[in-house]
Amino acid sequence: QVQLMESGGGLVQPGGSLRLSCAASGSVRSINAMGWYRQAPGKKRELVATIPSGGSADYTDSVKGRFTISRDNAKNTVYLQMNSLKPEDTAVYYCNADVTSSYSKNSYRYWGQGTQVTVSS
């Protein structure tokens with residue numbers, strides 16, 4: 001089995017920073033794309049940032065210049081550095097990864113449990 005373990009969420013004041021981490025564990029053979037989604041109350045889940053294996057990162061317009069997605073392939077971990085946080089960034093943030101397990105040649109999408117990010121003064 002494969003698990004995505006998220007950490008780094010919390011309460012921060014506007015203008016502050018947080019770094020989210022998501023590590024894939026279990027029967028992981030390889031990981032293709034990784035990304036972060038978020039869902040605010042009353043809104044649909046939206047893609048925040050993605051980083052394909054060996055590809056260029058992409059961001060939704062509202063976070064460009066403020067958020068940075070990165071990955072450490074040796075650790076099967078993806079990060080989201082969030083700077084200059086705004087109240088509208090408040091949401092549950094979900095890690096996502098396309099993972100090939102040790103026992104399969106096929107890849108599957110896995111989701112983290114979500115971590116709450118609250119930006120408020």
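Author: Strands are DSSP runs of E of at least two residues, helices are DSSP runs of H or I of at least four residues, and both are numbered from the N terminus. This is a predicted model, in which local features need pLDDT of at least 70, side-chain atom pairs count only at pLDDT 80 or more, and totals for chains, interfaces and linings use all residues. Residues are numbered from 1 along each chain as its sequence is written, and side-chain values use heavy atoms, with hydrogens and water left out.

Valine 12 is buried, at a relative accessible area of 13%; buried means under 20%, exposed over 50%, and partly exposed in between, with a 1.4 Å probe and protein chains only. Leaving aside residues up to four places away in sequence, valine 12 touches Ser17, Leu18, Leu85, Thr118, Val119 and Ser120. Touching is contact, that is, heavy atoms within 4.5 Å. Serine 25 is 13 residues from valine 12 in sequence, yet the two C-alpha atoms are 28 Å apart in space.

Arginine 66 sits in the loop between strand S6 (58–59) and strand S7 (67–72). Like valine 12, arginine 66 is buried, with a relative accessible area of 11%. The arginine 66 side chain reaches the backbone oxygen of serine 62 at 2.9 Å.

Now for the chain around these residues. The chain has 0 helices and 11 strands. Its radius of gyration is 14 Å, close to the 14 Å that the globule rule gives for 121 residues, so the chain is as compact as a globular protein of that length. That radius is taken over C-alpha atoms, and the rule is 2.2 Å times the number of residues to the power 0.38. The C-alpha trace spans about 50 × 25 × 25 Å along its principal axes. Of the 121 residues, 40% are buried. Among contacts with a separation of 6 or more, 56% join residues 24 or more positions apart.

Definitions and conventions: A polar contact is a pair of N or O atoms within 3.5 Å; within protein, one must be able to donate a hydrogen and the other to accept it, and residues adjacent in sequence count only if both atoms are side-chain atoms.
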